[in-house]
Amino acid sequence: MASRYIREFLALEAFKNARRDVSNVLPRLVKFLCCLQVTKTHLFTVTLSYSPSMLPTLGLAGNLCLVECISTQFDKLGVGDIVLVQSPEVPWKFMTNRLIAMEGQSVTYVVDPKNSDKSETIVVPKGHVWIEGYNIYESNDSRKFGPVPYGLLQGKVFWRIWPPKDFGLLAQNKGKDSIS
């Protein structure tokens with residue numbers, strides 16, 4: 001009995017039209033989603049930055065920024081670039097920090113800025129980078145978890161979209177006192 005109703009439903013003209021429409025739209029939708037994934041992975045993406053780490057450059061209320069991914073694929077990142085990094089501690093989280101040192105460079109940093117002025121100097125190991133936020137007291141960066149593998153860099157943050165009053169290019173700081 002139920003199979004007869006199913007056969008009758010499938011034979012309806014409206015169902016045939018809907019099936020034809022889906023078969024026309026589905027390949028276009030798949031192509032669009034593939035292009036979107038390739039663009040996000042290899043060209044550029046959008047990120048929302050809302051941590052105290054990069055105060056005052058990027059605020060707490062949230063900054064919507066464009067990130068270009070080509071620089072990481074061709075090793076074109078440099079000291080002073082603002083980068084999007086996959087967190088080494090929590091893999092599904094992403095951070096925005098400034099690139100302070102590349103492999104082979106030495107960096108001097110304050111170990112525990114809240115409690116002492118003790119500083120330490122290290123040489124960034126091969127295949128790693130050193131990232132820091134501007135807010136030394138509230139930054140989740142290399143001062144906390146050490147050098148970051150280059151593979152965790154997702155791209156270079158270069159343009160702020162939101163808030164509208166700050167719309168525009170993010171300045172790249174090419175000089176840092178702690179690099180030698």
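**Figure 1. Salt bridge between Glu89 and Lys144 in the predicted model.** Glu89 pairs with Lys144 in a salt bridge, and their closest N and O atoms are 3.9 Å apart. Glu89 lies in the loop between strand E3 (82-86) and E4, while Lys144 belongs to helix H4 (residues 142-145), so the pair ties together parts that are 55 residues apart in sequence. The Glu89 side of the pair is partly exposed, at 42% relative accessibility. Lys144 is exposed, its relative accessible area being 56%. The cut-off for a salt bridge is a side-chain nitrogen of Lys or Arg within 4 Å of a carboxyl oxygen of Asp or Glu, and the 3.9 Å between Glu89 and Lys144 is to be read against that limit. Three salt bridges are present in the structure. Side chains of opposite charge can pair when their charged atoms come close.

**Figure 2. Salt-bridge network of Glu132, Asp141 and Arg143.** Salt bridges link these residues, Glu132, Asp141 and Arg143, in a network. Arg143 meets Asp141 with an N to O distance of 2.6 Å. Arg143 also forms a salt bridge with Glu132, where the closest N and O atoms are 3.3 Å apart. This second pair links distant parts of the chain, with Arg143 in helix H4 and Glu132 in strand E7 (residues 128-132), eleven residues apart. Arg143 is buried, with 15% relative accessible area. Glu132 is buried as well, at 5% relative accessibility, and Asp141 is also buried.

**Figure 3. Lining of the largest pocket.** The space in this pocket comes to about 400 Å³. Its lining consists of 18 residues; those nearest the centre are Tyr50, Ser51, Lys93, Phe94 and Met95. Strands E1 (44-49) and E4 (94-101) each contribute at least two lining residues. E4 gives the largest share of the lining, with four residues. Rolling a probe the size of a water molecule over the atoms shows where empty space is left.

**Figure 4. Arg98 of strand E4 and its C-alpha distance to Tyr134.** Arg98 is placed in strand E4, the strand that supplies the largest share of the lining of the largest pocket. Arg98 is buried, with a relative accessible area of 3%.

**Figure 5. Nonpolar surface patch around Leu29.** The patch covers about 650 Å² and is made by Val25, Leu26, Leu29, Val30, Phe32, Leu33 and Leu36. Leu29, one of these residues, is found in helix H2 (residues 13-43). The relative accessible area of Leu29 is 42%, which makes Leu29 partly exposed.

**Figure 6. Cysteine sulfurs without a disulfide.** The count of disulfides is zero, where a disulfide requires a pair of cysteine sulfur atoms within 2.5 Å. For Cys35, the closest cysteine sulfur is that of Cys34, at 7.0 Å, and this is too far for a bond. Another cysteine, Cys69, is buried, with a relative accessible area of 4%.

**Figure 7. Loop residues Asp75 and Gln105.** Asp75 sits in the loop between helix H3 (70-73) and E3. The phi angle of Asp75 is near 50°, a positive value in a residue other than glycine. Asp75 is exposed, with 56% relative accessible area. Gln105 lies in the loop between E4 and strand E5 (106-110). Gln105 is partly exposed, at a relative accessible area of 24%. From C-alpha to C-alpha, Gln105 and Val123 are 5.6 Å apart in space, and they are 18 residues apart in sequence.

Figure 8. Of the 180 residues in the chain, 34% are buried.

Key: Residues numbered from 1 in each chain as written. Predicted model: local features only at pLDDT ≥ 70, side-chain atom pairs only at ≥ 80, totals over all residues. Heavy atoms only, no water. Patch = residues over 30% accessible without salt bridge, like charges linked within 9 Å, V, L, I, M, F, W, Y side chains within 5 Å. Areas by Shrake-Rupley, 256 points an atom, 1.4 Å probe, with all protein chains shown as cover. Buried < 20%, exposed > 50% of the residue type's maximum accessible area, 1.4 Å probe, protein only. 1 Å grid on protein atoms, 1.4 Å probe; cavity = no way out; pocket = protein on both sides within 12 Å on 5 of 7 lines; lining within 4 Å. Points joined across faces, edges and corners; volume = space filled by probe spheres on them.
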